Amino acid sequence: MSLSKADFWSGPFGDEYTDRNSGEILQSIAFTLRTIETLKIERDLKSILELGPNRGMNTRAFRTLFPFAKIECVEINEKAANLLKHSEIANVYNVDFLKYETNDVFDLVVSSYFLIHMEQHELENIYRKIAKSINRIKN
């Protein structure tokens, strides 16, 4: 029996990945700044939804660059979610994104490597859910 990608990432493999993924905050801030400038993202973001943040290196960069923004993170791996919750830099939901429910909309929805780990047949629903969460798109 093979594991679904959700089960795979929420289990021991995801825990091991979290242990290896400690990164450097300055690299995350530099990458985030380049991304913001390249995409011409407004510097007055009030709300950010991050999908699959793991332990939150990019979340920390967003918190540094947007200190007053509301940041929500959806992380399937319990170990990673707990590490991020402990940092108190974002509201963290330990749940599969397809099961995450909110009526909130966000100025920016961001992810680093999240989509490549999703099941192919789930992508359309994921894209719809992302689009519904973006403040600038009329649903």
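This is a predicted model: local features need pLDDT of at least 70, side-chain atom pairs count only at pLDDT 80 or more; totals for chains, interfaces and linings use all residues.
Me: How many residues does the protein have, and what share of them count as buried?
Reply: The protein has 139 residues, of which 40% count as buried.

Me: What share of the contacts between residues at least 6 apart in sequence join residues at least 24 apart?
Reply: The share is 63%. A81 and R55 are separated by 26 residues in sequence, while their C-alpha atoms are 6.6 Å apart in space.

Me: Is A81 buried or exposed?
Reply: A81 has 0% relative accessibility, so it counts as buried. Leaving aside residues up to four places away in sequence, A81 touches E75, V92 and N94.

Me: Which backbone atoms does the side chain of N77 reach?
Reply: There are two to look at. One is the backbone nitrogen of K79, at 3.1 Å. The other is the backbone nitrogen of A80, at 2.9 Å.

Me: Next, charged pairs. How many salt bridges does the structure hold?
Reply: The structure holds 3 salt bridges. Start with K70, which forms a salt bridge with D104, the closest N and O atoms being 2.6 Å apart. K70 is in strand 2 and D104 is in the loop between strand 3 (91-93) and strand 4 (108-111), so this pair ties together parts that are 34 residues apart in sequence. K70 also forms a salt bridge with E72, where the closest N and O atoms are 3.6 Å apart.

Me: How exposed are K70, E72 and D104?
Reply: K70 counts as partly exposed, at 31% relative accessibility. D104 counts as partly exposed as well, at 32%. E72, at 4%, counts as buried.

Me: Where do E124 and R128 lie?
Reply: Both are in helix 6 (residues 123-133), 4 residues apart, which is about one turn of the helix. E124 forms a salt bridge with R128, with the closest N and O atoms 2.7 Å apart. R128 is at 54% relative accessibility and so counts as exposed. 

Me: How many aromatic pairs does the structure hold?
Reply: There are 3 aromatic pairs. In one of them, the rings of F97 and Y100 have centres 6.1 Å apart and planes at 25°, so the pair is stacked. The cut-off behind that label is planes under 30 degrees apart.

Me: Which residues form one aromatic cluster?
Reply: Y93, F97 and Y100 form one cluster. F97 is at 2% relative accessibility and so counts as buried. Y100 is buried too, with a relative accessible area of 4%.

Me: What lies over the face of F97?
Reply: K129 does, at 5.4 Å from the ring centre.

Me: Where are N54 and E88 placed?
Reply: N54 is in the loop between strand 1 (47-51) and helix 4 (57-65). E88 is in the loop between helix 5 and strand 3.

Me: Is each of the two, N54 and E88, buried or exposed?
Reply: N54 is buried, with a relative accessible area of 7%. E88, at 71% relative accessibility, counts as exposed.

Key:
Residues are numbered from 1 along each chain as its sequence is written. Side-chain values use heavy atoms; hydrogens and water are left out. A polar contact is a pair of N or O atoms within 3.5 Å; within protein, one must be able to donate a hydrogen and the other to accept it, and residues adjacent in sequence count only if both atoms are side-chain atoms. Rings of Phe, Tyr and Trp (its six-membered ring) pair if their centres lie within 6.5 Å; planes under 30 degrees apart count as stacked, over 60 as edge-to-face and the rest as tilted. Buried means under 20% relative accessible area, exposed over 50%, partly exposed in between (1.4 Å probe, protein chains only). A charge sits over a ring if NZ of Lys or CZ of Arg is within 6 Å of the ring centre and within 35 degrees of the ring normal. Contact means heavy atoms within 4.5 Å. A salt bridge is a side-chain nitrogen of Lys or Arg within 4 Å of a carboxyl oxygen of Asp or Glu. Helices (H or I, at least four residues) and strands (E, at least two) are DSSP runs, numbered from the N terminus.
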